[in-house]
Amino acid sequence: MERELALEVVRVTEMAALASAPWIGRGDKIRADGAATEAMRRMFGSIAIRGRVVIGEGEMDEAPMLYIGEELGTGSGPEADVAVDPLEGTELAARGLNNALSVLALAPRGQLLHAPDMYMQKLAVGPALAGRLRLQDPPAATLRKAALELGKPLSELTVALLERERHAPLLAELRSLGVRARLLTDGDVAGAMAPCFPETGVDLYMGSGGAPEGVLAAAAIKCLGGEFQGRLLPGGQEQLRRCAAMGIADPSRVLRTDDLVGTGDVIFAATGVTQGDFLDGVRDLPGRLASTHSVVMRAATRTVRFIQTRHDLSLKAVMAGGQAFG
């Protein structure tokens, strides 16, 4: 991947975040996501890549843009796999809650796993625990090993997980061990990234969530020096067939970071839509100005850049649901 792309692609997530911002707290996640998707698609037209969406808004008959297989970019530059979530945490944005993001990942063509839309069991950790834990171990064993490796008692461990009925047994086990649980209403990618940012106070991310979001999270975690492990959880014969089409004959196989995002370079960018644990949200400023806060990372160099940008909206064609942002 070309180094200049890292600073180019952050403009894409910035525009998606700006476009979705007018819908924060308005209870309409469909319009919020649609505004972000349209802006992201438009901005990709200025990026010098020959991109192809491998993780996007759905199959072609389900999504009018950013659909799986769609070609993106100017048609010049490197061939790239593109994984996107224009508004990760649509419900968070609609309800005005923290940690809604606009995210994308780029990698050389053929490198990103074309993860089907199914559940995935997940374990994500920061650099201090990378290579130390195993997804297939019982949760109690994983937590005790993590506490030992981090040199802290179980009572000081914090585990993030989605607040879902399916996680009731895991939550009960965390509490029986005295481990702190941080329950997330939504935000699967941000949750998995959290252990890589010490300021979040999260040591591990556990439980299950979407497989496509797992690939996006793995891209970020690869850049941050952490580790992501996942195992697909197909429900029924159709999803088993989709696993086989991906070349995964044994869905019980544990997929590690490099299985999901490859061994080569990866670029990941995210812009905060609402206030979050490691990114600020979009802010209105006087005089038709707005600010965004983004992170852009590259696996090959482990470079992590936080970018605070001020936008003059009178000079930008940033539209959301037919209304100019601001």
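Student: Which exposed residues sit on the face of α5 turned away from its buried side?
Tutor: Helices are DSSP runs of H or I with at least four residues, strands are E runs with at least two, and both are numbered from the N terminus. Buried means under 20% relative accessible area, exposed over 50%, and partly exposed in between (1.4 Å probe, protein chains only). Here, that face of α5 carries Pro169 and Ser176. This is a predicted model, in which local features need pLDDT of at least 70 and side-chain atom pairs count only at pLDDT 80 or more, while totals for chains, interfaces and linings use all residues. Residues are numbered from 1 along each chain as its sequence is written, and side-chain values use heavy atoms, with hydrogens and water left out.

Student: Which residues in α5 are buried?
Tutor: Leu170, Leu171 and Leu174 are buried in α5. They lie on the same side of α5 because their arc around the axis is only 100°, taken from the directions from the helix axis to the C-beta atoms. The buried residues of α5 pack against α4 (139-150), β6, β7 and β8 (204-210). After α5 comes Gly178, with a positive phi near 85°.

Student: What volume does the largest pocket have?
Tutor: On a 1 Å grid over the protein atoms alone, a pocket is an open set of points where a 1.4 Å probe fits, with protein on both sides within 12 Å along at least five of seven lines; lining residues have an atom within 4 Å of a point. Points are joined across faces, edges and corners, and the volume is the space filled by probe spheres set on them. In this model, the largest pocket has a volume of about 920 Å³. Of its 34 lining residues, Gly56, Asp85, Asp117, Pro212 and Glu213 are the closest to its centre. The largest share of the lining, 4 residues, comes from β3.

Student: Which residues does the UniProt annotation "binding site" cover?
Tutor: UniProt positions are in the numbering used here, with shortened feature names, and annotations may be inferred rather than shown by experiment. One annotation, from an unreviewed entry, covers Asp33 and Glu57. They are spread over 25 residues of sequence yet cluster in space, with a largest C-alpha distance of 9.7 Å. The lining of the largest pocket takes in Asp33 and Glu57.

Student: Is Asp33 buried or exposed?
Tutor: Asp33, in helix α2, counts as buried because its relative accessible area is 17%. Contact means heavy atoms within 4.5 Å. Leaving aside neighbours within four places in sequence, Asp33 is in contact with Glu57, Leu87 and Thr90.

Student: Where does Glu57 lie?
Tutor: Glu57 is in the loop between β1 (50-55) and β2 (71-72), and counts as partly exposed at 25% relative accessibility. A polar contact is a pair of N or O atoms within 3.5 Å, one able to donate a hydrogen and the other to accept it; residues adjacent in sequence count only if both atoms are side-chain atoms. The side chain of Glu57 makes one with the side chain of Thr37, at 3.3 Å.

Student: Is Gly187 buried or exposed?
Tutor: Gly187 counts as buried, because its relative accessibility is 7%. The loop between β7 (180-184) and α6 (188-193) holds Gly187. Not counting residues up to four places away in sequence, Gly187 touches Glu88, Leu92 and Leu162.
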